[in-house]
Amino acid sequence: MQNIVILAIESSCDDTSAAVLRNGILLSNVTASQKVHEEYGGVVPELASRAHQQNIVPVVDTALRRAGVDRSELSAIAFTRGPGLLGSLLVGTSFAKGLAISLNIPLIDVNHLQGHIMAHFVSEGKQDEHHPSFPFLCLLVSGGNSQIVLVRSHNDMQIIGQTIDDAAGEAFDKCAKVMGLPYPGGPLIDKLAKEGNPQAFTFAKPNIPQYDYSFSGLKTSFLYFLRDKLQEDPHFIDNNKADLCASLQQTIIDILMRKLIKAAKDLKINQVAVAGGVSANSGLRQAFRNLEAKYGWQVFIPPFAYTTDNAAMIAQAGYYKYLDGEFCGVDAVPFARTTI
């Protein structure tokens, strides 16, 4: 049997990550997160790319050592080509090219969004692992993307619905900023929501055709709602922060799940997955479990380690591309935006 060892590099935003996969089994997954952006209320692209330059060598070295793999054993190097921040992507792409050339092994370019979906196939070699079978629907929700993807195979994915403006993650972060919460706001809203009443306040829900999403209207209505309340009571946010977070989170979850339920019913698919950074949200994860019981779905929720940007998912996607002989040349350039 051929011994396939993949080194994967993920650098699409503000996390530098490297992972090693042998014959489909994950051996290591190392991520260095950047704290420098917190004081700015969002990711600063130039600072992100500089941090990647500092982190990438020690992160890759640590991933190889933890996996017990020497560079000479590598079969190929997979890297995130896009979408993402161009400066950040350029660091990972350039490093991957240089290492592949020095080792005379092939390069594999991976779509970041496909990587999030392939997180459901990451294997640690445990007996109790469960992975989706095809076809299945995946709700892909992250800071910049909200999509419903029909997954027919490892290399056949179709976006059947997506946001026409803001993504769910953006709605969380922007509304958190209005409430005075630090960046990133999504996890803090999730934490505070556990202490609040999700029915305390009602916010507008969009009526978008078919399976598409919109969150800009919710963000705007939330802003005007707070403006009016603060005119009546300057301490309104402080006195109602938990209820605000709970109501806002429930509204976003309702918007996401309504379209997913419609798609699953229309396409008669009962295997449903969630992926992306927002899939770490405890309310969204519980909503999936509730619908599993209600509709008899088979639900797939990734471990927390594979929800945010990580190289394990890039390694998994790269492994399937290796088996299919899908390699790229050293002239491959990163891209900021794309569809699956």
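Two strands are taken to pair if DSSP finds at least two bridges between them, strands being DSSP runs of E with at least two residues and helices runs of H or I with at least four, numbered from the N terminus. The model is predicted: local features need pLDDT of at least 70, side-chain atom pairs count only at pLDDT 80 or more, and totals for chains, interfaces and linings use all residues. Residues are numbered from 1 along each chain as its sequence is written, and side-chain values use heavy atoms, without hydrogens and water.

View 1. Five strands in the order β3-β2-β1-β4-β5 make up an open sheet of mixed pairing. Because β3 (25-33) and β5 stand at the edges with a single partner strand each, one side of each has no neighbour in the sheet.

**View 2. Strand β4 and its two partners.** Six of the seven residues of β4 (residues 76-82) are buried, that is, under 20% relative accessible area with a 1.4 Å probe, protein chains only. Strand β1 (residues 5-10) runs parallel to β4, joined by four bridges; Ile9 has Phe79 of β4 as its bridge partner. Five bridges connect β4 with β5 (residues 107-111), also in parallel, and Ala78 stands opposite Ile108 in β5. Between β4 and β5 the chain passes through helix α2 (residues 86-103) in a right-handed β-α-β crossover, meaning that, with the strands pointing away from the viewer, the path from the first strand over the helix to the second runs clockwise.

**View 3. The antiparallel pair β2 and β3.** Strand β2 (residues 15-22) is joined to β3 by eight bridges and runs antiparallel to β3. Ser17 has Thr31 in β3 as its bridge partner.

Conventions. Buried means under 20% relative accessible area, exposed over 50%, partly exposed in between (1.4 Å probe, protein chains only).
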